[in-house]
Amino acid sequence: MRTLETRRLGALVAAGSLTLLAACGSSGGDKIPANAKDVAGSVTMWIYPIDPNNEAAYWKPKVAEFEKSHPKAHIKVVVQPWANRDEQLTTAIAGGKGPDVVYLIPDQLPQYASNGSLEDVSDVIAKDRSDFRANALKAMTYDGKLDGVPLLMSATTLVVNKKAMQAAGITAVPKTWDDVLADAPKLKQAGYYTTEYDGAPDETLNGTFYPLLWQAGGDVLTKDGKHAAFNSAAGVNALTFVKKLVDGGYIPKDPLTTMPKAETSPTGQGKVAFLFSGGVAGLPTTVPKSDWAIYPPLKDKVSIGYGTVGGLSVLSGSKNKAAAKAWVQWATSAPQMKVYGKKHSYYATRNSVGTLFTGNSLDAAEEKTLQYMTTGSINLKSRQLMDMIKPHLQAALLDKTSPKAALDAAAKDVNGLLGRG
Amino acid sequence: MASLRVSSVALRLRRRAGSGIALLFITPYVLLFLVFRIGPAIAGLVLGFAKYQISGTVQWEGLSNFRRLFADSLFWNALRVTLVYTAIAVPLTVIVSLVMAQLCARSIRGIKVYRALYFLPVVTSLVTSGVIWQWIYSSAGPANWLLKGIGIGSVPWLSSGTMVLPSLSLMSVWTRFGYDMLILLAGLLAIPRDYHEAAMIDGASAWSRFWYVTLPQLKPALFFVVVLEIIQSFQVFDVIYVMTGGGPVRSSYSLVFLIYDQGFHYFDFGYASAAGVVLFVITLVVALWQRRLFREDS
């Protein structure tokens, strides 16, 4: 018995020493060199077409600029498609072929952070941490560890088709759900849909149900993140609101089940009056920009919308972590962030960058709504939860069950999943 | 006697050299097959009994993934969807392919052009096909326009739980029949004309000739097509992924979709592998049963 305990203790000491050694080794090699000329090695960054047409063109001169000041570093920027990005990244990481730096959003972060794929990047912003907006840092933090440096922020808010409002004789922009319900028959009469609700399984609830849930005063999970909370009275109100629009024929039916292409969607054809969770970046190119106007998010009880944060994460598998961190530090510096935001119609996560857009542009209007935004609660299973909830919402909207029963059934599934740990 | 022995030795040597060359030719394929098919299959089987994280950690879990799978209502729903889809898509595809093969077996002017045209959907990108069919099935699409025109009214092709699998099967027929048709056509053209001529002399009708001459002669090709289609249907994913994403209300959520979700969305590779193992066993059992059935019939 004594021998067993001694052995256990020995093993513990050995394991502890190894961990300590590994930690010492890791911190030394991963530290960003003080002198830019000492930053060495190849870094591959995966980014996505945030600007659908010019993402690669944007980074080309930036890489050259960085390599000029960091002559021993070599940066390769690969613009990957949005579609199946998790599958691609997972496979690459599993095969040991992952990039050194990758663009991630809060939804994705927990899955990679929880399995140890992401490096702590708090040292990257150690000197100017206070310059970052607190909500942006919170969105890139999982389990107390900063897993990515926030590069941009976005907002989704109420987007109005002025042409549709004019055709329906509506003069005041809706502020509440009741306003929307009052406008709906007038819009239908004028040949317009009130809104488009994308209920297809591939759509994220961050752009559909969740903002309505928050507007009704509800939340997805309880504060401790252990139980479903969306089947509250607020949740039922939110789903009933959408159902009223569906039942009245104020929402096109196809997008409830299938995801139409942007150009052929009712919104893309200019047949939709209000986008409840719209944004400048996602507006269809088939409708002139001058037809749109941007306003604060709708409210039932609270005016709130979904805003996301995009950040650059360093992967644990990177062979050149110091160079990767140096690149991330440079790419998210205030001057770079300013140029990036302006060019991409996104907003800065650093306070020092200030307001990027002025005047009457859509970007300026959207930037003003940042104060209403939330990224929602960060949960390891957030995507799985959404996939569990979506079919139940669809069932209610397709008249297969009532909103209350649908949300209760979804809550049962979600609680089962959360209970599995 | 001596010359006979010499020639037999030479023959043996030539045979050996021949088999050596054959071996040389098949080695690259065998190697690739082992590395990219058998290897991952074995890894998948092992992972079914483990908890695997993309960081590389593997933890032995015994049968827990399978226990969880059999208690998961999502799995049973996915299995039901897969079976119903197979029951609709396979007969439909085989019948359409057979009819088209019969038509294409005729020696009419420009038949080669028709054959090539019918094969086109097979080589068309599935995403493109999906977008086109989504439009065909949409409320304002040509299918509903046609039905409204003849007074039937609009059909919720992809938004109804009852209609979604037949609608997807129909699209699948369009994308698959060209390939099956070619196999069956080859089988049809290989049937000696004498058999049909003899049956005609005996006064057999067109249907009797098809039933008693064509069909029995076509059995090997037909068996191949049926097995292939069943395997394809059990593995249905891409059509669903492009068209419905498994909806509405999981009415088209197939087994492979479940595997995909668990593996690549939720990173639960062990659970996904367990579902893959179950799918493999089901497919194997069906294929063996079918083989036996065809043999008994022969």
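A crossing of two helices is right-handed if the near helix is turned clockwise from the far one by less than a right angle. Keep that in mind, since the first example uses it. One caution before I start: this is a predicted model.

Helices first. α9(A), residues 233-247, packs against α14(A), residues 403-419. The angle is about 130°, and the axes are 9 Å apart. Over 145 would count as roughly antiparallel, and 65 to 115 as roughly perpendicular. The two helices are therefore oblique to each other. By the definition I opened with, α9(A) passes α14(A) in a right-handed crossing. Who meets whom? On the α9(A) side we have A:Gly235, A:Val236, A:Leu239, A:Thr240 and A:Lys243. On the α14(A) side they meet A:Pro403, A:Lys404, A:Ala406 and A:Leu407.

A:Leu239 takes us to the cores. The largest nonpolar core has 65 residues. A:Leu239 is among those with the most contacts inside it, together with A:Leu212, A:Leu213, A:Ala238, A:Ala273 and A:Ile389. Which helix gives the largest share of this core? That is α13(A), residues 382-397, with 8 residues. There is another core, apart from the largest one, with 53 residues. Among its members are A:Ile75, A:Leu89, A:Ala113 and A:Met140. As background, nonpolar side chains in soluble globular proteins tend to be buried together.

Stay with A:Ala273 for a moment. Set aside its neighbours within four places in sequence. Its contacts are then A:Asn161, A:Ala164, A:Met165, A:Leu187, A:Tyr192, A:Tyr193 and A:Thr194.

Now the sheets. One is an open sheet of 3 strands, in the order β8-β7-β9 of chain A, with antiparallel pairing. Its edges are β8, 274-278, and β9, 292-295. Each has a single partner strand, so one side of each is left without a neighbour in the sheet. The twist averages 30° from one strand to the next. Between β7(A), residues 157-161, and β8(A) there are 3 bridges. A:Val160 has A:Phe274 in β8(A) as its bridge partner.

The other sheet is open too, with 5 strands in the order β2-β1-β3-β11-β6 of chain A. Here the pairing is mixed. β2, 73-79, and β6, 149-153, stand at the edges with a single partner strand each, so both have one side without a neighbour in the sheet. Neighbouring strands are turned by 20° against each other on average, direction ignored. β6(A) pairs with β11(A), residues 309-314, in the antiparallel sense over 4 bridges. Opposite A:Leu152 stands A:Gly310 in β11(A). What packs on this sheet? Helix α10 of chain A, residues 321-331, does. It touches β1, β2, β3, β6 and β11 of chain A, and its direction makes about 155° with that of β11(A).

Last, some backbone details to look at. In chain B, the peptide bond from B:Gly247 to B:Pro248 is cis, with omega near -5°. B:Pro248 sits in the loop between α10, 238-243, and α11, 255-265, of chain B. B:Val249 lies in the loop between α10 and α11 of chain B. Its phi is positive, about 50°, although B:Val249 is not a glycine. Is B:Val249 buried or exposed? With 26 C-beta neighbours inside 10 Å, B:Val249 counts as buried.

Chain A has a positive phi at A:Ser345, near 60°, again in a residue other than glycine. A:Ser345 is in the loop between α11, 334-344, and α12, 362-368, of chain A. The cut-off for buried is 20 or more. A:Ser345 has 21 C-beta neighbours inside 10 Å, so A:Ser345 counts as buried.

Note on methods:
Residues numbered from 1 in each chain as written. Chains lettered and ligands numbered in written order. Predicted model: local features only at pLDDT ≥ 70, side-chain atom pairs only at ≥ 80, totals over all residues. Core = buried A, V, L, I, M, F, W, Y, C linked by C-beta atoms within 7 Å. Buried ≥ 20, exposed ≤ 12 C-beta atoms within 10 Å, placed from the backbone. Contact = placed C-beta atoms within 7 Å. Pairing = 2+ DSSP bridges. Axes fitted to C-alpha atoms, helices over the stretch in contact; angles between N-to-C directions. Parallel < 35°, antiparallel > 145°, perpendicular 65-115°, else oblique.
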